[in-house]
Amino acid sequence: MKNFYFKFLFALIAPLSMNAQSQDTLVDVGGYKMHFNIIKGEGMPILFEAGGGNDASVWNGILEKIHTVTGTTLITYDRSGIGTSELNPKLKNDADFGIENGIKELEIGLFKLGYDKDIILVSHSYGGLYNLLYTRKHPEKVKSIVLIDATPIDFWNDELLTMRDMNVDLSTIPKGTGDYYANANYNETMRSIRGMQFPESTPITSVFPENSFPYFPEMLSTRWKKLQDELGEKNKNVTSIIAKGSGHAIFEDNPALIINIIVKAYSETLDNDQQNTLLKKALDNAIALAIETRAHSRSEHDLNTLGYSYMQTEELDKALEVFKVATILFPESANAYDSYGEALLAADKKAEAIEMYKKSIELNPENEHAKEVLLELKQG
């Protein structure tokens, strides 16, 4: 329901000292093989679903960093006919390769790998439809979903599908590929999912960019954005986040935002003690980043943005811990004390907040915001 506006990038995690152990494997799903890549860990696994025509490699830039903080198993895969995954040789008609067949193949693959129980789903664009159908079939297994500019369920009405038919030439797409069959079945797929909803009990974070498809005609981009907005407005289980300055592939334009959102979604499946451990790990990595890179302004900003993200989600204890770390790491930063003061006020710790604002003004006598807050506090 809430709309959070993230304007800047922030990174939770330090660079890895070594690559996480990943396993590339081909899984027989009925006489043909599908490619899965698994970074093994402990905890509820996270499955990543790529957009239309993309293979698993699109996620490579963020996986190791997510694994560093969560320590859980991360799974990516190529849908049949994409990347190194094979097509079912027994299927003959274009319609046989539709999205329902794709869900069946995914189920078989996860079962054979032993990851067919509780799971977290992450998807981009067309991959969001796979998240939708998988969750509707297994609502008890899917514990959280992160949608990254996922295709709005009701975007493609019949008028737009007719327009699409006039602009998509199947003869230009190599037959016998996953991309060909996805396009051949596209209209039927969009009609079949029209009006569907995610289960109301499933927590969903929907991230969509400020500049999703800049080449879309204004009518289409407006419709796309309107449906993205409505997903959060009409569903209490959906939190909507707008990625300022990003395009359709947010995980490339703003990877740190996506990493943080996925880590947060994972943390919310844990108990309180596990959440605190995860937070400490994230903070430890942020501190290590500050020490290793000595990138003062960037690292300070990363912590500041992380603190405000916790304030926006009303996790004040975590916000206070982050802002306190920022003042320790950057004792000469007026902004660090200003932010800590704001969080202390939100936590109803007035006396401590006053001290932080005074320190901020001491470091920066031109901090008008801090002066105004102190004046209001004195008058109050």
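Trainee: What makes β2 and β3 a pair, and in which sense do they run, parallel or antiparallel?
Mentor: Two strands pair if DSSP finds at least two bridges between them. Strand β2 (residues 22-28) and strand β3 (residues 33-39) are joined by 7 bridges, so they pair under that rule. They run antiparallel. In one position D28 stands opposite K33 of β3. The two strands form a hairpin with 4 residues between them, and G30 in the turn has a positive phi of about 130°.

Trainee: How do you know where a strand begins, and what is the model's origin?
Mentor: Strands (E, at least two residues) and helices (H or I, at least four) are DSSP runs, numbered from the N terminus. The protein chain has 15 helices and 9 strands. This is a predicted model: local features need pLDDT of at least 70, side-chain atom pairs count only at pLDDT 80 or more, and totals for chains, interfaces and linings use all residues. Residues are numbered from 1 along each chain as its sequence is written, and side-chain values use heavy atoms, with hydrogens and water left out.

Trainee: Why is E49 called buried?
Mentor: Buried means under 20% relative accessible area, exposed over 50%, partly exposed in between (1.4 Å probe, protein chains only). E49 has a relative accessible area of 1%, so it is buried. E49 is found in strand β4.

Trainee: Which residues does E49 contact?
Mentor: Contact means heavy atoms within 4.5 Å. Leaving aside neighbours within four places in sequence, E49 is in contact with residues including W59, R79, H124 and Y130. V122 and S123 are also among the contacts of E49.

Trainee: What makes β6 mostly covered?
Mentor: Count its residues. In strand β6 (residues 119-124), 6 of 6 are buried. I119, L121 and S123 point one way, while I120, V122 and H124 point the other way. In a regular strand the side chains alternate between the two faces of the sheet.

Trainee: Which strands pair with β6?
Mentor: One partner is strand β4 (residues 46-49), joined to β6 by 4 bridges and running parallel. There, I46 stands opposite I120. Another partner is strand β7 (residues 142-148), paired in the parallel sense over 6 bridges. In β7, V142 is the bridge partner of I119.

Trainee: What about β8 and β9: how many bridges join them?
Mentor: Strand β8 (residues 204-209) pairs with β9 in the parallel sense over 6 bridges. S206 has S240 in β9 as its bridge partner. Strand β9 (residues 238-243) is mostly covered, with 5 of its 6 residues buried.

Trainee: Why is E252 called exposed?
Mentor: Its relative accessible area is 52%, and the cut-off is over 50%, so E252 is exposed. E252 sits in helix α8 (residues 250-253). The C-alpha atoms of E252 and Y186 are separated by 25 Å, and these residues are 66 apart along the chain.

Trainee: How do you know that the chain agrees with a compact globule?
Mentor: The radius of gyration is taken over C-alpha atoms, and the globule rule is 2.2 Å times the number of residues to the power 0.38. For 380 residues a compact globule would have a radius near 21 Å; the protein chain has 23 Å, which agrees. Its C-alpha atoms fill a box of roughly 75 × 45 × 35 Å along the principal axes. Of the 380 residues, 53% count as buried.

Trainee: What share of the contacts comes from residues 24 or more positions apart?
Mentor: Among contacts with a separation of 6 or more, such residues account for 72%.
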